[in-house]
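Visitor: I am new to reading protein structures. Could you take me through some features, one at a time?

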Amino acid sequence: MAVDRESAERLLKDKGLKVTRQRMAVLEAIAACPKEHLTAEEIFELVKVDCPDIGLATVYRTIQLLGSLHLIDRINFDDGFVRYEMGSALEGTGRHRHHHLICIKCGRVLSFQDDLLEELEEKITGATGFRVVNHEVKLYGYCVECGGDLIEEKRE
């Protein structure tokens, strides 16, 4: 997946920020791995191929900035690492439209492309006046390679 450079550059400029080679390289590295959820260190390794002078601290600062602009999203899969993926700012939706399926045996993470909670969000708004603008869903279970529904956990 390629990043829409023109839209990203416009967003940065509209916020009064400079469009730097490092910022674009970080964004492009994340966009180039759409099915992966990269750590800052993995992003650093990808970016330094084309920007050998970039430092890990610059990658961390850039990730924080891009996250504040919703160009990328921060994700925690409870594995001790913070991971990143493309955000919704360039899609124009402003909403996260996929969920994560996490295998509790091998740790594999799959993205599930559907938003099944729209009706619930509408009911919440109608009942309470609270307007949901985003949500995060992580479902834990077993991937196909680890037995899927063939594994039955012992219940105590």
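Guide: Start with a charged pair. This is a predicted model. Arg5 forms a salt bridge with Glu9. Their closest N and O atoms are 3.4 Å apart.

Visitor: Where do Arg5 and Glu9 lie?

Guide: Both sit in helix H1, residues 5-14. Arg5 and Glu9 are four residues apart, about one turn of the helix.

Visitor: How many salt bridges does a search of the whole structure find?

Guide: The search finds ten.

Visitor: Now helices. At what angle do the axes of H3 and H4 cross?

Guide: Helix H3 covers residues 40-50. Its axis and that of H4 come within 10 Å and cross at roughly 115°. The crossing is right-handed.

Visitor: Which residues make the contact?

Guide: From H3, take Ala40, Glu41, Ile43 and Phe44. From H4, take Leu56, Val59, Tyr60 and Ile63. By class, the contact has seven nonpolar residues, no polar ones and one charged.

Visitor: Next, pockets. What volume does the second largest pocket have?

Guide: The second largest pocket has a volume of about 160 Å³.

Visitor: Which elements give two or more residues to its lining?

Guide: Helix H4 (56-68) and strand E2 (72-76) do. H4 gives the largest share, five residues. Tyr60 and Ile63 are among the lining residues, and both also belong to the contact of H4 with H3. Other lining residues include His70, Asp73, Arg74 and Tyr84.

Visitor: What classes make up that lining?

Guide: The lining has four nonpolar, four polar and two charged residues.

How values were computed
Residues are numbered from 1 along each chain as its sequence is written. This is a predicted model: local features need pLDDT of at least 70, side-chain atom pairs count only at pLDDT 80 or more; totals for chains, interfaces and linings use all residues. Side-chain values use heavy atoms; hydrogens and water are left out. On a 1 Å grid over the protein atoms alone, a cavity is a set of points where a 1.4 Å probe fits but cannot get out, and a pocket is an open set with protein on both sides within 12 Å along at least five of seven lines; lining residues have an atom within 4 Å of a point. Grid points are joined across faces, edges and corners, and a volume is the space filled by probe spheres set on the points. Ala, Val, Leu, Ile, Met, Phe, Trp, Tyr, Cys and Pro count as nonpolar, Asp, Glu, Lys and Arg as charged, and the others, Gly among them, as polar. Axes are lines fitted to C-alpha atoms, for helices over the stretch in contact, and angles run from 0 to 180 degrees between N-to-C directions. A crossing is left-handed if the near helix is turned anticlockwise from the far one by less than a right angle, and right-handed if clockwise. Contact means heavy atoms within 4.5 Å. A salt bridge is a side-chain nitrogen of Lys or Arg within 4 Å of a carboxyl oxygen of Asp or Glu.
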